[in-house]
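Trainee: Hi! I'm new to this one, could you walk me through it?
Mentor: Happy to, let's look at it together.

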Amino acid sequence: MANEIVVELKDVKKIYPMGDERIVALDGISLKFVRGKIYCLLGVSGSGKSTLLNLIAGLEKPTHGEIIFKGKHHIQKMSEKKLAIFRQRYVGFVFQSYNLMPTLTALENTTLPLIFRRVPKKVRSKKAMQMLKAVGLANRWRHKPSEMSGGQQQRVSIARAFVNQPEIVFCDEPTGNLDTKTTVEMMNLICGIANQHNQTLILVTHNLELARYCDEVIHIRDGKIEKIEDVSADKVEIQFGGIL
């Protein structure tokens with residue numbers, strides 16, 4: 001559906017009590033995220049961008065306001081059990097530190113979201129291998145994280161994030177530990193897969209170079225939206241050869 005709103009925020013605030021003080025991390029954020037678009041939450045450390053991502057993903061609760069998924073699911077009202085199910089069904093994550101299980105192989109790490117959804121072993125192994133092939137690691141499926149480079153570990157993380165075909169994928173500084181060449185490769189992978197499947201991608205970063213891959217840049221400063229830029233006309237052309 002064209003211009004389908006996947007997530008909408010209405011006057012969202014997040015306040016942390018610190019002794020006798022109140023730290024306002026987010027102050028009245030209202031936003032809409034549309035299916036198939038790539039968004040960048042851009043701001044310096046402490047601006048509130050990661051807090052905003054955590055609220056949308058249901059990892060934290062807002063102090064005030066509404067976060068609505070697909071027009072009917074009010075994330076801020078969900079119980080922990082319902083939030084866990086929500087994330088299993090609809091959400092994927094790519095982290096700066098990869099967050100792979102050190103004792104598991106690339107294939108086993110990639111299958112984790114499918115295990116939580118109780119997908120049969122044969123089916124989940126097939127899906128995971130397809131994703132590892134798409135990210136260029138079909139020949140490394142037996143390797144554990146300690147046997148892979150940082151770029152290869154992030155490829156596994158990307159495969160894991162997308163294996164469940166989530167409707168929305170969150171990337172929190174996904175290339176922060178990578179060199180420039182590997183950063184370009186990872187951004188092409190992440191954005192290429194999202195484009196191919198018309199998924200919504202929300203990228204959190206302080207790096208202006210990563211913003212060039214996005215359709216819309218949301219500048220956040222001191223917990224407020226400073227400005228929103230439509231940069232789709234100037235975005236980097238995605239180079240992605242994966243087949244899924």
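Mentor: A term to start with: buried means under 20% relative accessible area, exposed means over 50%, and partly exposed is in between, using a 1.4 Å probe and protein chains only. Helices (H or I, at least four residues) and strands (E, at least two) are DSSP runs, numbered from the N terminus. This is a predicted model, where local features need pLDDT of at least 70 and side-chain atom pairs count only at pLDDT 80 or more, while totals for chains, interfaces and linings use all residues. Residues are numbered from 1 along each chain as its sequence is written, and side-chain values use heavy atoms, with hydrogens and water left out.

Trainee: Thanks! How many residues of strand β8 are buried?
Mentor: For β8 (residues 200-205) the count is 6 of the 6, so the strand is largely enclosed by the rest of the structure.

Trainee: And which residues sit on each side of β8?
Mentor: T200, I202 and V204 are on one side, with L201, L203 and T205 on the other, and both faces are covered.

Trainee: Which strand pairs with β8 in the parallel sense over 5 bridges?
Mentor: Strand β3 (residues 38-42) does, and so does β7 (residues 168-172), also parallel and over 5 bridges. Two strands pair if DSSP finds at least two bridges between them. I202 of β8 is the bridge partner of Y39, and I202 is also the bridge partner of F170.

Trainee: What do β7, α6 and β8 make?
Mentor: Those three form a right-handed β-α-β unit. A crossover is right-handed if, with the strands pointing away from the viewer, the path from the first strand over the helix to the second runs clockwise.

Trainee: Switching topic: what is the strand order in the open sheet of 4 strands?
Mentor: The order is β2-β1-β4-β5, with antiparallel pairing. β2 (21-34) and β5 stand at the edges with a single partner strand each, so one side of each has no neighbour in the sheet.

Trainee: How many bridges link β1 and β2?
Mentor: Strand β1 (residues 5-18) pairs with β2 over 11 bridges, in the antiparallel sense. Among the bridge partners, L9 goes with L31 of β2, and M18 goes with E21 of β2. The hairpin of β1 and β2 has 2 residues between the strands, and there G19 takes a positive phi near 65°.

Trainee: Which residue other than glycine has a positive phi near 70°?
Mentor: That is Y98, found in the loop between β6 (91-95) and α3 (106-116). Most residues other than glycine have a negative phi. K70 has a positive phi too, about 55°, although it is not a glycine. K70 lies in the loop between β4 (64-69) and β5 (73-74).

Trainee: Is Y98 buried or exposed?
Mentor: Y98 is buried, with a relative accessible area of 9%, while K70 counts as partly exposed at 30% relative accessibility.

Trainee: Now the helices. How many residues of α3 are buried?
Mentor: In α3, 8 of the 11 residues are buried, so the helix is largely enclosed by the rest of the structure. Including A106, L107 and N109, the buried residues of α3 pack against α4 (121-134) and α5 (150-162). Contact here means heavy atoms within 4.5 Å. After α3 comes R118, with a positive phi near 60°.

Trainee: What about pockets, which residues lie nearest the centre of the largest pocket?
Mentor: They are F93, L112, P113, F116 and R160, out of 14 lining residues. Elements giving two or more residues to this lining are α2 (80-90), β6, α3 and α5, and the largest share, 4 residues, comes from β6. A pocket is an open set of points on a 1 Å grid over the protein atoms alone, where a 1.4 Å probe fits, with protein on both sides within 12 Å along at least five of seven lines; lining residues have an atom within 4 Å of a point.

Trainee: And which element gives the most to the lining of the second largest pocket?
Mentor: That is α6, with 3 residues. T183, found in helix α6 (residues 180-196), is one of the residues nearest the centre of that pocket. T183 counts as buried at 12% relative accessibility, and T183 touches T175, L178 and L210, not counting residues up to four places away in sequence.
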